[in-house]
Amino acid sequence: MEPLHSGTLAGIGSFQCQNCDYVVSLAAEDTLPECPGCGGQEFVRASLFSAPGFAGEQPHDAEDDRPDWFAQARAGLVSEPGQYLAHDAGDRVVVVALTREWTRIGRSLAADLRFDDPTVSRRHALVVRQADGVRVLDDRSLNGVFVNGQRVEWHALKDGDEILVGRHSLRFIDTTSAQADGLPRARSGAGSVTG
């Protein structure tokens with residue numbers, strides 16, 4: 001199949017980057033963007049049967065891929081036990097406390113965690129906190145929600161999990177339970193930190 005290049009009017013559907021397999025979904029008059037995953041410019045029409053994970057691919061290990069800022073952000077929260085979403089905003093690391101049952105992520109002005117980016121749907125994802133744990137749900141987004149490299153409709157989160165929303169990588173931080181990385185067990189509570 002002849003690859004399409006970014007900027008091409010490709011039509012409705014999903015298109016997969018030939019370099020990193022990132023999938024973007026387009027509406028009627030959208031043009032192909034530069035790949036949010038790698039910056040590549042060549043795409044082919046995506047198929048359900050070529051989607052990551054369909055052929056039994058194993059998700060990557062989130063612990064091996066944790067960015068340098070993750071450990072620093074997490075260490076700064078040990079004295080403020082709770083559950084957080086953190087992401088690198090370029091000039092700073094943003095940490096948002098999960099204090100309510102629902103946290104909305106998207107491009108909408110009503111989103112609790114807002115990304116003004118065309119790769120993010122207005123209503124992209126929901127993070128739900130309940131007594132039995134924290135989950136991320138795909139809120140009918142065009143480009144999907146990925147946890148540790150696997151596209152998900154919903155997924156239970158554990159400390160350190162990577163959540164990909166459009167081109168933005170978020171990390172879930174849970175300081176309320178003992179972790180395998182040797183950090184002390186934290187008490188219950190919540191707070192909000194930006195740094």
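Begin by selecting Asn148, which lies in the loop between strand E11 and strand E12 (150-152). This is a predicted model, and in it the phi angle of Asn148 is near 50°, a positive value in a residue other than glycine. Most residues other than glycine have a negative phi. Is Asn148 buried or exposed? Its relative accessibility is 8%, and because buried means under 20%, Asn148 counts as buried.

Now select Arg140, whose place is in the loop between strand E10 (133-138) and strand E11 (145-147). Arg140 also has a positive phi, near 60°, and is likewise a residue other than glycine. With 64% relative accessibility, however, Arg140 counts as exposed, the cut-off for that word being over 50%.

The next stop is a sheet. Colour strands E8, E7, E9, E10 and E13 in that order, and you will have followed an open sheet of five strands with mixed pairing. Strand E8 (113-114) and strand E13 (154-156) stand at the edges, and because each has a single partner strand, one side of each is left without a neighbour in the sheet. Strands of a sheet pair through backbone hydrogen bonds, either parallel or antiparallel. Strand E7 (residues 102-106) pairs with E8 in the parallel sense, over two bridges, and if you select Gly106 you can look for its bridge partner in E8, which is Arg114.

Stay in strand E7 and select Thr103, which lies there. Thr103 is buried, with a relative accessible area of 6%. Which residues does Thr103 contact, once its neighbours within four places in sequence are left aside? They are Leu98, Asp112, Ala125, Leu126 and Val127.

Then turn to the largest pocket, which holds about 370 Å³ of space. To find it, select Ser25, Asp30, Arg107, Pro118 and Leu142, which lie nearest its centre among the 17 residues that line it. By class, this lining has six nonpolar, five polar and six charged residues.

Finally, show the whole protein chain, which has one helix and 16 strands. Of its 195 residues, 39% are buried. If you draw its surface, the chain exposes about 10500 Å², of which carbon and sulfur atoms supply 49%.

Key. Residues numbered from 1 in each chain as written. Predicted model: local features only at pLDDT ≥ 70, side-chain atom pairs only at ≥ 80, totals over all residues. Heavy atoms only, no water. Pairing = 2+ DSSP bridges. Helix = DSSP H or I, 4+ residues; strand = E, 2+ residues; numbered from the N terminus. 1 Å grid on protein atoms, 1.4 Å probe; cavity = no way out; pocket = protein on both sides within 12 Å on 5 of 7 lines; lining within 4 Å. Points joined across faces, edges and corners; volume = space filled by probe spheres on them. Nonpolar A, V, L, I, M, F, W, Y, C, P; charged D, E, K, R; others polar. Buried < 20%, exposed > 50% of the residue type's maximum accessible area, 1.4 Å probe, protein only. Areas by Shrake-Rupley, 256 points an atom, 1.4 Å probe, with all protein chains shown as cover. Contact = heavy atoms within 4.5 Å.
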